Amino acid sequence: MIISMRPHATRQEIDHVCERIGEFGYKVHSIEGEERVVIGVVGMGDVTACLESLEATPGVERAMRISAPYKFVSREFKKERSAIQVNGLQIGGGEFIVIAGPCSVESEDQILQTAEAVAAAGARMLRGGAFKPRTSPYDFQGLELEGLKLLRKAKQATGLGIVTEIMSDRDVDMVAEYTDVMQVGARNMQNFALLKSLGACGRPVLLKRGMSSTIKELLMSAEYIVAHGNPNVILCERGIRTFETATRNTCDIAAVPVLNELTHLPVLLDPSHATGKRSLVPALARAAVAIGADGLVVEVHPCPEKAASDGAQSLTLESFAAMMRSLAPYLRLWKEARDSEVAPSAIAV
Ligand code: PEP
Ligand code: MN
């Protein structure tokens, strides 16, 4: 349920509504907004009786049932886009954010060289895996803590915020110390212990869609993180598994507008994992801008043929810069379209 208070409802009226909610056996999950307060309610009880009673309570403008099972991430709960604040940027705000970097952090030289080049080309954050989810146990598993330390050095050198993957709930505190955004990879989208532990990590979470997951399942996973206390979730479409073999995954480009209808959370596209092929990345990046994504996650490596993982889909430093130049006219149109919308609001739960 959400309870929308009248503009400038008094503190006493708001407190009284919260009390009534408790009397019906429900819990107040969040109270948002200043001029117009919206109260998020969760729990089990007699919904109809509660709604009817609250509608008649002083200060209440409307009391509504949220029909989506993913309540707090739904557009029903919050109509305006949410902008997530990270390292001085807003993801989901008035700028299309490009996050770029290697699949894996491999060495100091590799990460620093990449960070400097992508920053110069217009990337706004640096990605790089220190913990790698690999299909084979014999493949490179990541530099772990050493990789996190190298990411920190790259941030110090360039000012770019860091996005890195977290694979286990046991590592949350360690990874959160080094990164700005915690990435949950496709393989862990339904690792519920991990999702719950990210509720209290104090960092925004970039949640990638599982390769066999529906959009509803993606939103339910986002709801886990929000329901456990962290409203700062960014979604990422990275391709799903289908019968098609021409690309590594099938990019579900329609997922972007579908998500934009269903949720207020920002949506990024990862054209690298979606295609598995460097030559296809720029075209999908343009598609992402045109279809209204909030940004991109792109793999870039100074020497893709020597990459420890995902070399075939990694852009070189030069081809990344060329892609960024080719995106410029599209980004101007993106900005025009975004500026004509209602301003996004920061989430405060
Ligand atoms: C990655 O970002 O390098 C990665 C492993 O992505 P995904 O979880 O989408 O496969
Ligand atoms: Mn990768």
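## Basis and fold

Helices (H or I, at least four residues) and strands (E, at least two) are DSSP runs, numbered from the N terminus. By that rule the chain has eleven helices and 15 strands. The radius of gyration, taken over C-alpha atoms, is 21 Å, close to the 20 Å that the globule rule gives for 349 residues, so the chain is as compact as a globular protein of that length. The globule rule is 2.2 Å times the number of residues to the power 0.38.

This is a predicted model, in which local features need pLDDT of at least 70, side-chain atom pairs count only at pLDDT 80 or more, and totals for chains, interfaces and linings use all residues. Residues are numbered from 1 along each chain as its sequence is written, chains are lettered from A and ligands numbered from 1 in the order written, and side-chain values use heavy atoms, with hydrogens and water left out.

## Burial and contacts

Of the 349 residues, 51% count as buried, meaning under 20% relative accessible area (1.4 Å probe, protein chains only). Contacts are heavy atoms within 4.5 Å; of those with a separation of 6 or more, 69% come from residues 24 or more positions apart.

## Manganese site

Cys 103 (SG), His 273 (NE2), Glu 299 (OE) and Asp 310 (OD) coordinate the manganese ion (ligand 2) at 2.1 to 2.4 Å. Donors are N, O and S atoms within 2.8 Å of the metal (3.2 Å for Na, K and Ca); water is not among the atoms, so sites may look incomplete.

Cys 103 lies in the loop between β7 (97–101) and α3 (108–121) and His 273 in helix α9 (residues 271–275), so the pair ties together parts that are 170 residues apart in sequence. Cys 103 is buried, at 3% relative accessible area, and His 273 is buried at 9%.

Technical notes:
Buried means under 20% relative accessible area, exposed over 50%, partly exposed in between (1.4 Å probe, protein chains only).
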